[in-house]
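Please look through the sequence and the model below before reading on. The paragraphs that follow take one part of it step by step.

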Amino acid sequence: MEALRQDDPRRFGPYTTLARVRESAVAVHFLARGADRDGLALVTAARPALASVPAFRRRFRSEARTAERLAGGPVPRPDVSPEGDGLWTATAYVPAVTLSEAIGLAGPLPERAVRVLGAGLAGTLSRVHASGAVFQGLAPGTVLVAEDGPRLTAFGPLGAAANAEAREGGQLSVRLGYLTPEQVEGQEAGPASDLFVLGLLLAYAATGTTPLADGPAEEAAERIAHGSAELGSVPVGLRALIAGCLSKDPADRPTAGSVAAELAPEGAADRAQGGWLPAVLAAAVTDQAARARALEPPAGPVDDGPRVPPVEERTPTDAVPTGAALPDGGAPGHVVPPGGGHDGDPGEDSRTTRFLGTGARTPRSDRATAQLTLPEEVTNTAPPRLPAAGPPPAQPYAHPAFTAAPPALPAAAPPAAAPRTGPVTGRRALLTAVAAGAAGLVLGGAAVAALGSDGSASATTDEKPTAEPRPALPGRPPEPRWTYARPAKAPAPLTAGVWQDRLLVLTDTAGATAVDLRTGRKVWERADAAGAQSVLTAGEDLCFLAAPTEFLWLSPEDGRIRHRVRFADQFDGIPDMKVAPLTGQSGSVLWFTGSHTVTVRAPKPKKGKKRGKDTQVVKAYFFAYDVVRRKEVWRVAVPAGRAPGTPAYRLIAARKADLVVRQDAGTLTPADVRAGQGKAVFRCFDRTTGKPLWNRRFGTVAPGGAAAGDQEGRLFGAVGDDLGAFETGSGKPLWTLNGTASSVFGTPVAAGALLHTTNRDQEVGAVERATGKVLWRRSTEVPAGDGCPALTLSGSGRTLLAADASQVTAFAAADGRRLWKFQDIGAPAPDGAAVTAPYRVLATGKTSVVVQRERAFYAFPVE
């Protein structure tokens with residue numbers, strides 16, 4: 001929410017305004033309190049420049065009457081302004097977030113939530129269609145998800161408008177965000193058109209992306225008209241229903257009533273009982289409600305502020321302000337009456353899953369991928385914005401495939417060409433309009449026609465010089481070479497590894513599985529390799545697995561176990577050895593820690609004294625082991641860790657002569673923690689003999705702080721909010737990369753002369769390893785969280801991939817160009833729970849990577 005501006009009305013009839021909530025293409029939305037001060041209301045006030053257009057006034061009130069007629073359940077009953085008192089509606093405030101905001105916060109919704117959502121929307125559509133009308137108000141920004149079910153906030157083209165503009169002659173141009181095949185072909189929308197848009201919305205809710213609408217706008221329109229929807233990521237239980245809604249022929253689409261019955265036979269309200277929202281959305285709704293309740297109107301008489309003049313007193317204008325999103329931190333959702341409710345997030349991708357903005361942030365040096373390049377004659381047709389305090393507002397919500405870059409404001413708006421009258425435009429005109437941003441509607445009197453730019457259009461566009469179009473911006477991920485999902489009945493993978501760029505080997509509590517990296521097909525499955533927690537390469541002909549009590553060597557051809565070495569048999573003098581997760585591997589040698597408990601007998605007592613008790617002591621060791629020769633190379637005694645005693649080491653750097661490790665903070669004993677005084681202790685061992693060389697602290701790198709080393713003897717570590725480089729031989733600081741108060745750097749990745757960085761601001765970048773000079777820094781455009789994106793460099797070294805709990809983002813390693821983003825719905829668990837596991841990236845060869853999200857795996861081509 002945002003504080004009221006100086007020229008904002010302080011009253012709308014009996015309602016006292018408390019705050020601005022957001023702006024849409026056609027209205028400004030205010031949180032208000034009624035005359036009885038009992039309960040909150042959401043007031044939607046039409047933009048004055050639009051309210052002066054007769055066609056807009058008629059349509060606005062018509063959509064308000066539709067809301068009154070449909071009131072009940074997911075449709076709020078509006079209080080409509082009387083004639084002569086401006087143009088506004090008010091509804092009871094209900095805490096909620098828009099569908100687009102929900103996807104940005106929580107990612108794709110679980111199947112149960114999609115069913116509740118779809119059943120509620122379809123039920124309302126059924127009531128509309130029974131009256132012989134067409135709804136035309138569905139869009140991700142007009143659908144709200146509340147605690148007790150979905151809500152609808154728009155009841156016609158005005159509500160779902162991605163843009164609206166006054167025209168000469170009393171006409172109104174409205175551009176919609178979603179198209180249907182019949183509209184692309186130049187036909188009028190009918191009840192079946194609402195079902196097509198419903199199918200798009202359900203697919204968006206289930207996967208985070210919209211089928212058919214990716215890529216350049218004109219190509220998207222062509223796919224909507226003639227392409228087939230890719231629904232492979234949609235849950236199986238919803239796939240057939242959504243495919244039916246997306247049928248090209250309107251006659252083949254189901255009715256709204258049948259969709260509602262199939263999605264929730266017991267009804268959406270009953271299915272929503274007991275909670276239907278993911279935890280992160282439920283928390284967002286609760287927090288929004290608390291902030292809204294905390295707002296109070298001013299004490300004493302209320303200054304009405306600027307008067308809202310009757311429509312008749314206003315001067316029509318062609319300079320119509322576009323909608324603007326409010327700064328982050330406000331209530332993200334609410335019930336909005338006719339006139340819309342559109343996302344205005346500035347950080348949206350034009351060709352992939354949409355994400356919420358991340359609040360007030362330091363300006364980035366790269367252009368947001370939300371911007372889709374459009375010819376200047378299109379972008380310049382957008383009218384200027386309303387003046388506003390604070391940062392410049394963002395564009396109103398438009399479907400990602402039709403989101404335009406913010407226009408440059410012309411010095412003066414040229415007069416619009418004289419409108420034509422006539423029937424619905426032809427297909428070529430509609431495709432032209434689609435390429436310009438979205439389907440257009442001209443509302444003048446009773447006429448509704450599509451905007452185009454050729455002779456068949458019902459209204460001509462302004463004539464403006466054509467500018468050279470900018471290069472298309474990236475965003476859409478490449479098509480996966482293959483996908484593989486572990487069956488729902490199988491346990492979730494414990495780990496995954498790549499063998500010789502030929503096999504993807506997965507382990508779980510039931511066994512090990514190998515997948516061909518060329519085809520994505522399962523090659524073999526072995527139950528006798530259950531429980532392995534690491535997958536490594538053991539020479540040219542064997543795959544090595546490390547289990548809690550043994551090492552295994554498997555044939556890559558059929559998975560047969562060729563060798564099995566139990567720790568009790570291999571490591572003399574250490575019975576019942578407990579092994580921590582492997583420290584690391586270089587070539588054929590791997591390093592790990594292990595421990596066992598020994599009994600120390602009490603000394604023989606003196607004559608006449610009672611013998612003391614024996615004690616149990618943990619002895620720990622650091623090992624080097626050759627997995628090709630299947631032989632221990634060396635072992636060295638090290639201090640034991642926290643009970644049960646095995647210290648866990650992580651490899652920081654493996655160099656020709658030595659290796660540097662750091663003990664995981666969770667295995668430090670209380671005495672170690674006290675001695676460290678909040679700093680991490682790094683250990684160095686001779687690589688040939690295992691002889692300890694030194695123990696050292698570097699700056700103020702914390703026990704759990706990020707750290708990595710390189711071959712030239714440097715160590716890079718998170719020092720408070722900064723990233724520092726040190727010389728390992730002396731501990732001398734070399735350079736410091738300054739961060740912000742919230743940055744907190746994660747584990748960097750060294751590559752050639754570069755060091756790739758990551759931090760909690762969801763930024764990745766590259767600096768010179770020798771000097772710390774910043775070469776580039778980019779945002780993943782994911783809301784800041786507690787963790788840093790995990791970095792993986794492709795085999796060629798040309799692509800840097802950042803993975804977190806929300807998505808995978810690919811950058812050009814050399815200059816930081818954002819290449820693409822990927823987000824999936826994952827393979828759900830057997831109980832249908834949504835997948836919340838973070839993404840992981842495995843480099844496979846020089847031209848591909850495998851992206852894992854728990855049970856689901858995708859092979860992507862990369863440079």
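**A helix and its surroundings**

In helix α3, the residues Leu99, Ser100, Glu101, Ala102, Ile103 and Gly104 are buried, in a model that is predicted. Here a residue is called buried when its relative accessible area is under 20%. What, then, covers the buried residues of α3? The cover includes the strands β2 (15-23), β7 and β8, together with the helices α4, α6 (191-207) and α11 (279-294). Just after α3 comes Gly107, whose phi is positive, at about 80 degrees.

Two of the strands in that cover, β7 and β8, also belong to an open sheet, in which three strands are arranged in the order β7-β8-β9 with antiparallel pairing. Because β7 (96-98) and β9 (149-152) stand at the edges and each has a single partner strand, one side of each is left without a neighbour in the sheet. From one strand to the next, the twist averages 35 degrees. Strand β8, which spans residues 143-146, runs antiparallel to β9 and is joined to it by four bridges, and within this pair of strands Ala146 stands opposite Gly149 of β9. Helix α3, made of residues 99-106, packs on this sheet, where it touches β7 and β8, and its direction makes about 90 degrees with that of β7.

A further helix, α4 (residues 111-130), lies across β8 and β9 and runs at about 40 degrees to β9. For α4 and helix α9 (residues 256-263), the angle is about 155 degrees and the axes are 7 Å apart. Angles over 145 degrees count as roughly antiparallel, and α4 and α9 are therefore roughly antiparallel to each other. Their crossing is left-handed.

Which residues of the two helices meet there? On the side of α4 they are Arg115, Gly118, Ala119, Ala122, Gly123, Leu125, Ser126 and His129, and on the side of α9 they are Ala256, Gly257, Val259, Ala260, Glu262 and Leu263. Sorted by class, this contact of α4 with α9 has seven nonpolar, five polar and two charged residues.

Terms used:
Residues numbered from 1 in each chain as written. Predicted model: local features only at pLDDT ≥ 70, side-chain atom pairs only at ≥ 80, totals over all residues. Heavy atoms only, no water. Pairing = 2+ DSSP bridges. Axes fitted to C-alpha atoms, helices over the stretch in contact; angles between N-to-C directions. Contact = heavy atoms within 4.5 Å. Buried < 20%, exposed > 50% of the residue type's maximum accessible area, 1.4 Å probe, protein only. Parallel < 35°, antiparallel > 145°, perpendicular 65-115°, else oblique. Left-handed = near helix turned anticlockwise from the far one by under 90°. Nonpolar A, V, L, I, M, F, W, Y, C, P; charged D, E, K, R; others polar.
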